[in-house]
Amino acid sequence: MNILQAFKMAWRSIIGKKGRSALTILSIFIGIAAVMTIVSVMEGMKAQMMKQFSAMGANRVQVSIYSWMYDADGNDVSKDYFPDLYEYCQGLREYVIGITPNGQTNATVIYGTKNSSTMQTEYDKQWNLISGPPSLYYGSDQYSACNNLTVAKGRDLAYLDMQSYNQVCVIGAEAAKIFFGTVDPVGKEVKINGNKFTVVGVYAPRGEEGENSINQMDNIFVIPYTMTRLLGGSVDQYTVKVRSSEDMTEVTSRLGGFLKGLIPQGTGGYDVYNEGQWQQYQNETMNTISMVLGGIAAISLLVGGIGIMNIMLVTVTERT
């Protein structure tokens, strides 16, 4: 029997048992589609996650300080340790690029008819961010260096802004688009919780247009951390930007030793961790999820394969 005859026989068998053939093809289709879908989704999620990590910048150490002591206003004194931590990092310039708080506040931003308290997050058909409430961060003069940002217009926050309690802010590219449109924001005044702040600079976008998660990261207002007294919120977490991945362990160890001597025993504590460890943990978690879902898909393929073998056995038996 040649190949042509075998093909004709198989075709007649398929046509003769349409229902059986359709169910067999469906089982094959579902099994393969399940595997391809799971692999594609997981790889896409991992790529998106790594893109966000890349946008924030690599070689970062996160420092968290907590205190059980309170000042006269009822606020914990964690933020009072930052000037000493700042000066210490200035002395580690061979290892450290910069340090900044990364605290947030839930203040309301108003400019003209734009009011962040009434904004809903909206995207267009290409997933470009149209509008949405911005995130307000407290930062130092080294915020941009620690978060992989560059100033496109105006200037960055300055050390004098912290010391003089200047009511200024630098905004992200998406925040500039949402609040000011085509108008140059530099020099304009916005109201944050009713207090006037002058926009002194605009950061360049971190991602490509159409990447909604990255665009949302650019929808920010960065305010001097000394404005906590005016706008509320807390500053107890800090980001330290390290020059190279080889220095991460050295910097983490030095920061831990410094904070151990800085914070009196019994008044609070601290945590210092390498952000790369968090990225590694995220990758391991994603790989575990991929394995579990892949196992489920493999079971689907196995069941489909058993069904196909059963049909083949029935067909051969009938032919015999």
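Trainee: Which backbone oxygen does the side chain of S140 reach, and at what distance?

Mentor: A polar contact is a pair of N or O atoms within 3.5 Å; within protein, one must be able to donate a hydrogen and the other to accept it, and residues adjacent in sequence count only if both atoms are side-chain atoms. Here the S140 side chain reaches the backbone oxygen of I99 at 2.8 Å. This is a predicted model, where local features need pLDDT of at least 70, side-chain atom pairs count only at pLDDT 80 or more, and totals for chains, interfaces and linings use all residues. Residues are numbered from 1 along each chain as its sequence is written, and side-chain values use heavy atoms, with hydrogens and water left out.

Trainee: Is S140 buried or exposed?

Mentor: Buried means under 20% relative accessible area, exposed over 50%, partly exposed in between (1.4 Å probe, protein chains only). S140 has a relative accessible area of 1%, so it is buried.

Trainee: Where does S140 lie, and what is it in contact with?

Mentor: Helices (H or I, at least four residues) and strands (E, at least two) are DSSP runs, numbered from the N terminus. S140 is in the loop between β8 (135–139) and α4 (143–146). Contact means heavy atoms within 4.5 Å. Beyond its neighbours within four places in sequence, S140 contacts residues including F82, I99, T100, P101 and Y225.

Trainee: Why is strand β2 largely enclosed?

Mentor: Five of the six residues of β2 (residues 96–101) are buried, so the rest of the structure largely encloses this strand. Two strands pair if DSSP finds at least two bridges between them; β2 and β14 (residues 237–242) run antiparallel, joined by five bridges. In β14, V240 stands opposite I99.
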